[in-house]
Amino acid sequence: MFENINEYCWAVILQYVGLKDQLSLMQVSEEMSAIVQNNWRCIEKADMDDGIFREFNKEPSKMHDFLKSACRSLKRLLLRGPFLEVLLPSWKSYDFPMLRSLDFSTWPAYDDNMTLLLTELFPNLTKLKLQNFNHGHHLWNFSQLQDLYLSSSSLDTPTLDRVFSSLPLRKLALFPFPASQVGDISLVWKCFTLEELLIDDFNLWFDVLSNLLKLPRFRRLSFHAVRDYDDYMSNLEELHHELRVSSLIFNMCLYEYNDMGSKIGCFSNLRRLVLSYGEIERKQLYLTCSRLKHLEELHLIQIFGFPCASDMWNMVGACRTLKVLNISNNELDEFFLDESIKCLNRVLRRRDADSPVTLHVHKTRLACNPQETNDALIHPYLKISFDPVHIDTLTDWDTRFIETEFRPLREDLREPSM
């Protein structure tokens, strides 16, 4: 029945079939069972959720059939669901020499014995996401860990001290449960390798920020913003690190401030500014752009009451270094294209020929008829793009956050990204 499909084709097909469905396929025939099990010998990623673990709890033999075949090839593993405290101890019979990434989540929160078990099962992890854990003890046994996402009910000072001192972390996301006991996060200064941090703003105290910015490799900070941005911006100025800021992203947290131009304008070395899902007063936006003498990228995404075409192009004219203007996902007025035609030559003729502006118009009125837009906005110093723009962040776009990129204190210490 399946003789015309070779091994490589089955490997490709089964990439799109979940583990639970693969277990069902094995019941079709002995031939199909052999194909699935043979594929497990080279499988690199497995997602095990609530449904899988309920089935494994009923028939543990299925779990062991999978582990016998897959344990030595697995590189990434997602474990979410019940019965883990019952099933995981039996995994000690297997080796996972290639496993580097684990995403582990369950409810209710497990105690530290589960963390200890994970360190014994998967000692070679470099990336770990733990959700719903009690204290974070034993994490220091993951001696190769570089990327840690931790959601825990309690993180005391001794635990934070040992984690920061022991692990070669490059990326850390730290989310204690609301109203939980949190120790001294400012001890992060002991983690000399740290490059990126994701945190809630109510844990981003002044001394935490101060110690972060002393780390030689630190380059990116993202925090879920509950309050407005004034305190954070003022703290950066007070610490005299505003000249290190190369990128700022405001998502769902930038509203109509009268002093936005002065607040953001003080970061005079800023190369990229992203304003997403907010309201911006057009005069403040113009003032901001006129003050940022090195700005290369401006992303205005889902802005309420987007500026008219003449205001937008005046803003471009005020920022002679601008190379990328992204106005995707905005509601442009019906005269936007006609007004833009009138502004183009006046604004762009003063730019250098080797520094054109790329205008991204994905999901706007201008993208409805690409040919018409291209024909209307012809200029040697302008490029039009209708493709979506990907902006890399440490968190999800459906959360309210502020993200800052810094120039590291020691550029020569940075290693290539893994």
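**A tour from loop to loop**

Start by selecting M252, which sits in the loop between β9 (245-251) and α11 (260-265); helices (H or I, at least four residues) and strands (E, at least two) are DSSP runs, numbered from the N terminus. You're looking at a predicted model, where local features need pLDDT of at least 70, side-chain atom pairs count only at pLDDT 80 or more, and totals for chains, interfaces and linings use all residues. Residues are numbered from 1 along each chain as its sequence is written, and side-chain values use heavy atoms, with hydrogens and water left out.

**Stop 1**

Most residues other than glycine have a negative phi. Now select K363, where phi is near 55°, again a positive value in a residue other than glycine. You'll find K363 in the loop between β13 (357-360) and α15 (370-376).

**Stop 1**

Axes are lines fitted to C-alpha atoms, for helices over the stretch in contact, with angles from 0 to 180 degrees between N-to-C directions.

Which residues make the contact? Show E55, F56, N57 and K58 on α4, then P60, K62 and M63 on α5; contact means heavy atoms within 4.5 Å. Sorted by class, this contact has three nonpolar, one polar and three charged residues (Ala, Val, Leu, Ile, Met, Phe, Trp, Tyr, Cys and Pro are nonpolar, Asp, Glu, Lys and Arg charged, and the others, Gly among them, polar).

While you're here, click on H64, which lies in helix α5 (residues 60-70). Leave aside its neighbours within four places in sequence, and H64 is in contact with S90 and Y94. Try the distance tool from H64 to Y94: the two are 30 residues apart in sequence, and their C-alpha atoms are 9.4 Å apart in space.

**Stop 2: α13 beside α14**

Next, select residues 309-318 (helix α13) and 336-348 (helix α14), which pack at an angle of about 20° with their axes 8 Å apart. The two helices are therefore roughly parallel to each other. On the α13 side, show A309, S310, M312, W313, N314, V316 and G317; they meet F336, E339, S340, C343, L344, R346, V347 and L348 in α14. This contact contains nine nonpolar, four polar and two charged residues.

**Stop 4**

How many cavities of 30 Å³ or more does a search of the whole structure find? One. On a 1 Å grid over the protein atoms alone, a cavity is a set of points where a 1.4 Å probe fits but cannot get out, while a pocket is an open set with protein on both sides within 12 Å along at least five of seven lines; lining residues have an atom within 4 Å of a point.

The largest cavity holds about 50 Å³ of space; grid points are joined across faces, edges and corners, and a volume is the space filled by probe spheres set on the points. Select L139, L148, L150, L155, T159, L160, V163, F164, L172 and L174 to see its lining. Two or more of these residues come from each of β5 (147-155), α8 (157-166) and β6 (171-182). Helix α8 gives the largest share, four residues. Nine of the lining residues are nonpolar, one is polar and none is charged.

Last, go to the largest pocket, with about 560 Å³ of space. Its lining has 25 residues, and D103, K127, K129, Y149 and K171 lie nearest its centre. By class, the pocket lining has eleven nonpolar, five polar and nine charged residues.

Key. Parallel < 35°, antiparallel > 145°, perpendicular 65-115°, else oblique.
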